[in-house]
Amino acid sequence: MEQSAEELNKIEKKDLFTSGHRACGGCGQALAARLVADASGENTIACVATGCLEVFSSPYPDPSWRIPFLHSLFENAAAVASGVEAAYKALNKGPINIIAQGGDGSTADIGFQCISGMFERGHNVLYVCYDNEAYMNTGVQRSSFTPLGARTSTTPMGNKTRKKNMPLLAADHGIPYVATATVDDFRDLQRKVKTALSIEGSKYIHILAPCPLGWGHHGELTVKICRLAKDTGLFPIYEIINGKVTNVGKIRTKLPVEEYLKLQGRFKHLFKKGRPSPEVAEIQEIANQNIERFNL
Amino acid sequence: MEKLPLGLVIDLQQVVPYKTGSWRTLLPVNIMQTPPCTHACPAGNDIRGFLRVLAEKEDYKEAWHVLTRTNPLPATCGRVCPHPCEAGCNRRDFDSSVAINNSERCVGDYGLEHNLEHKKLVSGRNEKIAVVGSGPAGLSCAFHLAKRGFKVKIFEASGEPGGWMRYGIPPYRLPNYILKQEIDKILRLGIELECNVKVGVNIPLDQLTREYNAVFLGVGAQKGLGIDVPGKDAENVYTGVDFLKQVNSGKWMEIGKDAVVIGGGNTAMDCARVSKRLGANVSVVYRRTRMEMPAITAEIDEAMEERIMFRYHTNPVKLVTDEGRVVGILSVQMELKEPDASGRARPVPITGSEAFIPADTVIMATGQAVDYDGIDVQTVDSQWMYTNEHLMTSMEGVFAGGDAVVGLETVALAIGQGARAASAIEDYIEGNIESSLAQPPVIYSRDLNTYYYQKQKPFTKEAVSIHTRLKNFREIYPSFDTKDIIEESKRCFSCGLCFHCNNCYMYCPDNAVKMSSSTGGFEFDLDFCKGCGLCAKECPCHYIQMTLEK
Amino acid sequence: MLKQIEGSHAVAECVAMCRPNVISAYPITPQTHIVEDLSMIVGQGKLDAEFINVESEFAAASVVLGASAAGARAYSATSSQGLLLMCEVIYCIAGMRLPIVLTCANRAISAPLSIWNDQQDSMALRDAGWIQLHAEDNQEAADLHIQAFKIAEQTSLPVMVCMDGFILTHAYEPVDIPEPKQVDHFLPPYAPKNIVDPRSPKGIGLFADPRFYLETRYILHRAMEKSEETIKAVSADFAKTFGRNSGGFIKTYKLEDANLVIVSMGSVVGTIKELIDQMEEEGKKVGLVQICSYRPFPRHEIYNVLKDKMNIVVLEKSVSLGRGGILASDVRWSFPRAEKRDRNISSFIAGLGGRNIPMDDLRYMVEKVEKEPVELEFLGLKKELISGKDL
């Protein structure tokens, strides 16, 4: 259903993902999940994959969800959401917002099969990926979203591979809406969620969700780090509507990647004695490529 | 414990949330701080207060009431104040200061156009206070006392109220009708005014101390001092004070073709610009340079725009007269040596550099003093009045403030002193030890989070052309568009006080920031707050700070 | 109506008559005909359901999980590798108490790869908390599906209907396909207990810490035990409505005077019955206990019918590698310790990987255990294929 620009830009606070969850203080994923749930509204079913989000938000007897949620396994949030969507179609119920949510593993690694199948079949489901760039829940192990140079418990010398570009992979399935967002711009994030939910078909939103524990920074810096990820070009903000890249988030003041890397403990090893190692230049190169490719 | 439901399926509306507040080691608190504008304002105006009312509610009426809590003369100050608030404004470090002075004028003018009135806070007190002098100090003192319910009578030596604002500041800076309307509003609080009575001369001071519970002296420094040079008693030689008083009383002064003003203060600038409008070629003679001139920068700039010549390093030695009238000044060039007692470089004459400056009129704006005629209070170095920390003079029950106490300062400072004196008088009458509220700490720009703002051009006022200006004594800055000022007020960062940007409300991952129905702002749900500090970090005005949990 | 019909087709038709709302399946031999038929039935508009062609069995199980949690009657079918792939979800479905019906076309498990029948696949998931029912023939396979939905929805336990791959799925037999009206009368529409619905928000699939998890397992175990009543009641109800005995806990054949009893399940039961008839003519008294409900295991029933029988042989198409016969273990456990001493309970593994079980092999088995008990033997083992050191 079409929404006016005013409705799309209104900030939503409905307490549908509320207090009492066991996330670390300053958790980017908790903040993102809260913003997504509120933007979606009460007429929503959340299908949640195992991960930090599930573990901290749904313990018996006090989960922090106030919209109905369904959790099964690590890798099948997309398939479970497909089933819910099929049921609603078969039973002629609805309209309803179905949001499948998962972290990087559940989206791009172990869950890639299910999400690819869901996109290919075109179920009317919004998939939200909370990208904290590692398997955080199990102790900060490397995933396919871990960026170059990051230290995780399974890449103690720094990750040697580049981040998988999931938004573009999603878009290549031919789905009508893909977007990237960060938790620092809550208006933008909620607008994207609302836009996505108004489109029929499979949708994908990729949210950068800093993890204070895994990235090695104070919880209060979560929002600032997102801003730096945007302003250095390492996390480009854009929408892909029917295959075309639009609404690119232009960088206000371009910053060198050091500004972003220096704040995080997981990149500390790149700055021995204050001097940046060669990987930093490679990371800058990645940022430059993003800026060029998306015209940031 | 409840029995386990089938499949461990839980009804979400029955959940009792787990209290994560016990995890906390740091606690967010709301701490109101003093913005540097208020800190710099000699009248202690709630600048943040009135600007935020304009920005958030676009309500000029409420803004006027906020501003006039401390400043009963906003339209006046908005025209004549050198605005130290803008020098302190934190926005200055981001792009440029908020145009506070212009906003003040716009709000003041609105109050005049829409006939807004001051309100009493308390009524029906029986004590009587006498206020001597209806300049800004006296008016402010009377204003605050009247609001608190006291009976106040002002004794004014001149024919009309206003003090130096009326008789010193020329109308192109402060139109008479503006001042009169503002004074009338103050008087409508029930203040009695008697003009043409000089206390100490027409009425003895001790009569007032007997008949009134307290007295406030706001007599200003309206005695002009000239320099001691030969020829100073000639006909067309005036002190700055006398010259301005005559012009501002409506008298047309015939000053001839060339006028020379000696001095570097605001009075000198006023005399120069008035003379220009009276049709003369004007030059200002000053023994040091522009850097040492005590006049407000804007005044000097505007005087230069009006093609007044400045002769720096120049000191008059003698006023050359012919048949009792001055025809010119014999002056000598000075060079600047090490600083003297005033802290400014010491001028030393250069021998052999004498020159003659023709002049039909000479105005000596070279200093002012308090007229102590009949007022027998202790002074400091025989110059300004002595007051203790409660603004009481050496006479019991007699208080003082304004130029008479602090020397030649601003309208804003006099207003502030009047307010302090009113408080001190109330304490004196009630027998209280002075009740002073501790001022919250000042917040500086390094503690603000300015990411959320874009650089913007400030509002700037535009003067009418020089040609138009010099034709008359009308205001050189026409009135401002109220919409422009509202846009300008939105530039205020609201340093140290919540302005409902919703950042903390939206950024808390634990949903622990709630809207407070009592304050209209936000409060923290301490059952769930984990003390992560995101709210404090992202608060643009530093209103939220993290402290150690007990 | 009686039809000469392939087993898969019969199952498909009966499942369709149960009016599932969501069917999701991934093809795997020998289940393919079931899902192909259902997709045709849905495609032709004869069944108003959502048919989801998923990208793996794992997804298939996940989709039916989601659909059931949202209030739909959901069905899937799989076999062997597919069943193992969806293992995680199978456990999940049981833990969430979702009444899903799954057809397992029993097939051997890789490696080595085999597409032919044995029961190792469903055996691998016997501990998951699903009711497992085994069909003897195509008629029973079809009937069990109709009963399965009713059992599942009444007990809030998922039901796996096991039918031997190829032997039943691809065999043409006369099957009495019921009328839709009869099925509707027997199986009322699904009235779910707990669903995800914004009108009454619930959380399904919570995280249970050590304070609660043990109890959830206990509850599930007790529910499985108590489902015995429902399984029997539904079978009885089925008999009343459709006029034939199908399903239930166990069935017996010529048990009364038997000196030797064979315990087995699945399609091999048909061959065993023929053997018993032949041996009866030869004067031997052999009996059969046919297990229909493998989970919950009919321990008391077996004890009751076999307590006076001293020579028992268990024939099964599954093995617990490193331990021995699985069904045999279960049967041995049905007798209290004191009563095991004089009793022979022999264990034979047969038919793995689709190996034919000829009558001669069965005779051999009977004759062997008449002489002495057999701890464990692989029936029909070709010793010539095994090198000395592995023997």
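1. Let's start with the domains of chain C. In this predicted model, the domain assignment of chain C gives two parts, domain 1 (2–242) and domain 2 (250–390). Taken over C-alpha atoms, the centres of domain 1 and domain 2 of chain C are 28 Å apart. Where they meet, domain 1 of chain C puts in 25 residues and domain 2 of chain C puts in 19 residues.

2. It is worth looking at the domain 1 side of that contact in chain C. At least two residues each come from α6 (120–124), β6 (131–134) and α9 (213–242) of chain C. The top contributor is α9(C), with five residues.

3. Now to chain B as a whole. Its secondary structure comes to 19 helices and 23 strands, and the C-alpha trace of chain B spans about 120 × 55 × 45 Å along its principal axes. Chain B has 550 residues, of which 47% count as buried. Among the contacts in chain B with a separation of 6 or more, 72% are between residues 24 or more positions apart.

4. Helix α6 of chain B deserves a visit of its own. This helix covers residues 100–113, 14 residues in total, and reaches 20 Å from its first C-alpha to its last, close to the 20 Å expected at 1.5 Å a residue. Just after α6(B), B:N115 takes a positive phi of about 55°.

5. Is α6(B) largely enclosed or largely open? Eleven of its 14 residues are buried, so α6(B) is largely enclosed by the rest of the structure. The buried set in α6(B) includes B:I100, B:C106 and B:V107, and also the charged-side-chain residues B:E104, B:R105 and B:D109. Packed against the buried residues of α6(B) are α1 (36–40), α2 (47–57), α3 (60–67), α4 (74–80), α5 (84–88) and α17 (482–489) of chain B.

6. Finally, please take a look at where chain B meets chain A. Here 27 residues of chain B are in contact with 31 residues of chain A. On the chain B side, α18 (503–507) and α19 (534–538) each supply at least two residues. Of these elements, α19(B) gives the most, with four residues. The residues on the side of chain B that touches chain A divide into 17 nonpolar, five polar and five charged.

Key: Residues numbered from 1 in each chain as written. Chains lettered and ligands numbered in written order. Predicted model: local features only at pLDDT ≥ 70, side-chain atom pairs only at ≥ 80, totals over all residues. Contact = placed C-beta atoms within 7 Å. Buried ≥ 20, exposed ≤ 12 C-beta atoms within 10 Å, placed from the backbone. Expected span 1.5 Å × (residues − 1). Domains from an automatic or database assignment.
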